[in-house]
Amino acid sequence: MKPGGGDTFALIPGPGGAGDGLADIVAAGGLHNYQLRLHAEYGPVVRFRLPGAETAVSIADPVLLEATAKVDKRPEKLFEFLAPLQESDNLQTLSAEEHTPWRRVLLSVLAGRRSHEAHFGQFVTLTCDMADRWAASDGPIALQQQLSELSLRMICDYALGAGADSPEQAGRIVSAFEDVLTDQLARLYQADLPGTEADRGDRAQRALTFLRATVDGVLTAHQDAADQDAAHQDAAHQDAAHQVAACQVAACQDAAHQVAACQVAACQVAACQDAACQVAACQVAAHQDAAVQDDGHQDGAHQDGAHQDGAHQDDAHQDDADQDGADQDGADQDGADQDDADQNDADQDDGCQDAGHQDDAHQYSVHQVSAHQVSARQTDGSDLIAALAAAGQPPARIRDTVLMTMLAAHHTTGVAISWTLYLLAQHPDVADRVADELARVLGDRPAPDYADLKRLTYLKMVLEESMRLYPPGPYGAREISEVLRVGDYSIPAGTTVFYPIWAVHLNPEYWPQPEVFRPERFSGAESAGRPRLAYIPFGLGPRSCEGSALAMVEAQLVLAVLLRRFRFELAPGHSVVPVERFVLWAADDIRMNLTPRVT
């Protein structure tokens, strides 16, 4: 009995014997098969020995699994095989305090419907390109290899911006992951594989070097894009500043022209007034001469001249007054024009000062963009590298996240699609029904739009039933930090709780005739009364797959395009054997012959 577990822990059924259980796991053909055997023999809760864990408890009942749904710790020993892919801490076993903010970033990038829709067109292009290559190919298609390559290209386009720009590059990355994981799992389970351990180790080391160089290329391309964005923004700002300066110069020139025009007008007025004064003075002189000549005239005539002189003098005085007023008006006008000119100069100075402040603000914004690695460049929110940097994740963890995202995203999605096509090849009547739904929804179109996915209900049921029978990740594990009550049993702290996903999906209490392929299980009517954890292809709780929503979008799209174009038949003589290779892989891939589907 394990200390602290109480008497009930010893009552949990399971195999006896000594050792760490490795021999039993190897004899069963892997941990995924061993779990099926344990639960078939001992029931929904089983205690067993597991390498790297003193004691483990496996739970295959979805109702009992609810007690574990909030556990947020993974057993470190079980995930050591991923250590070569990590430069910082193992992302699979981060503490809850570190894992929660990291997971939040991944969900913000991978789970957004707006982002899915924004990239859907590129997903269609990549899928149709692959379908064209398949149509032109002779001989069987290795589904898992090529669909994994497609899934890798999709995640690189969606979240990373680079990394797998061609099918050849993607193929090399997929093969490198296979070399690293095969070597690690062989060491863990002491598997008998072709070649020597030294040769496998050398090949794995070369593959790991290539994978890390690939991540370096992704990060360099991302930084180059950031620098280009910053340069474009700087150029745009300079153009705007030049336009502002040009407008200010034009405004100043207009003001100067107005001042000059006012000054000319004032001079013209003054000249006219001078001429008028000269005319008046001549007239006065002429009258005075006439008065002298008429000196001997009658007093009445003299008095008339005197009156006339007074009148002319009055006119002269009035002209002088008018001239003074005109001069004063001109001076006032000159002063007003000068004030306008001063005001224009002041406005121009203010404009220059504003431009200077804009320059300072622009320099700050460019610095921010560079520091956050163009967090605003991806307006759809799918830039994983920028999101991690903006959240303050350290550089080493960003590198590890890029590599693990490439691994997890391509393996799970490509494998799920391949197992679905494998099942449809064995059930052509179901494949024909999917093709009929595609013809009804798509009409003459070769591929769906994003909005069409909601209408492809039967296709989705087929995919879900396939992942029930062949879950991409066949198991998961947690480590409990306090006593956990599961049904009639108390499980002590420190115990590894195992999630046998394949066994959960084949539990006959919730899935009648569990090994039969029947997509109608996922109709609304049949799903309504089923426990929520009876179907967990992406895991459960705070360590479940962050990319599950994106994976479903990709898988439905790829299946729609392929089933619209092809019929699939298993290559003659080819056997398909599920094996554990981080995901539920096929030992020699799934090799299919394709024939065009008449539409």
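Tutor: Residues are numbered from 1 along each chain as its sequence is written. In this predicted model, local features need pLDDT of at least 70 and side-chain atom pairs count only at pLDDT 80 or more, while totals for chains, interfaces and linings use all residues, and side-chain values use heavy atoms, with hydrogens and water left out.

Student: Which residues of α13 are buried, and what puts them on the same side?

Tutor: Buried means under 20% relative accessible area, exposed over 50%, and partly exposed in between (1.4 Å probe, protein chains only). The buried ones are V430, A431, V434, A435, E437, L438, V441 and L442. They cover an arc of only 160 degrees around the axis, which places them on the same side of α13; the arc is that of the directions from the helix axis to the C-beta atoms. On the other side, D429, D436 and R440 are exposed.

Student: Why is D452 called buried?

Tutor: Its relative accessibility is 6%, and the cut-off is under 20%, so D452 counts as buried. D452 sits in the loop between α13 and α14. Leaving aside neighbours within four places in sequence, D452 is in contact (heavy atoms within 4.5 Å) with V441, L442 and R445.

Student: What makes E66 and R532 a salt bridge?

Tutor: The term asks for a side-chain nitrogen of Lys or Arg within 4 Å of a carboxyl oxygen of Asp or Glu. For E66 and R532 the N to O distance is 2.9 Å, so the pair meets the definition. E66 lies in the loop between α4 and α5 and R532 in the loop between α16 and α17, so the pair ties together parts 466 residues apart in sequence.

Student: Why is R532 called exposed, and why is E66 called partly exposed?

Tutor: R532 has 58% relative accessibility, so R532 counts as exposed. E66, at 34%, counts as partly exposed.

Student: How many salt bridges does the structure hold?

Tutor: There are 23 salt bridges. One of them joins D132 and R565, with the closest N and O atoms 2.7 Å apart.

Technical notes:
Helices (H or I, at least four residues) and strands (E, at least two) are DSSP runs, numbered from the N terminus.
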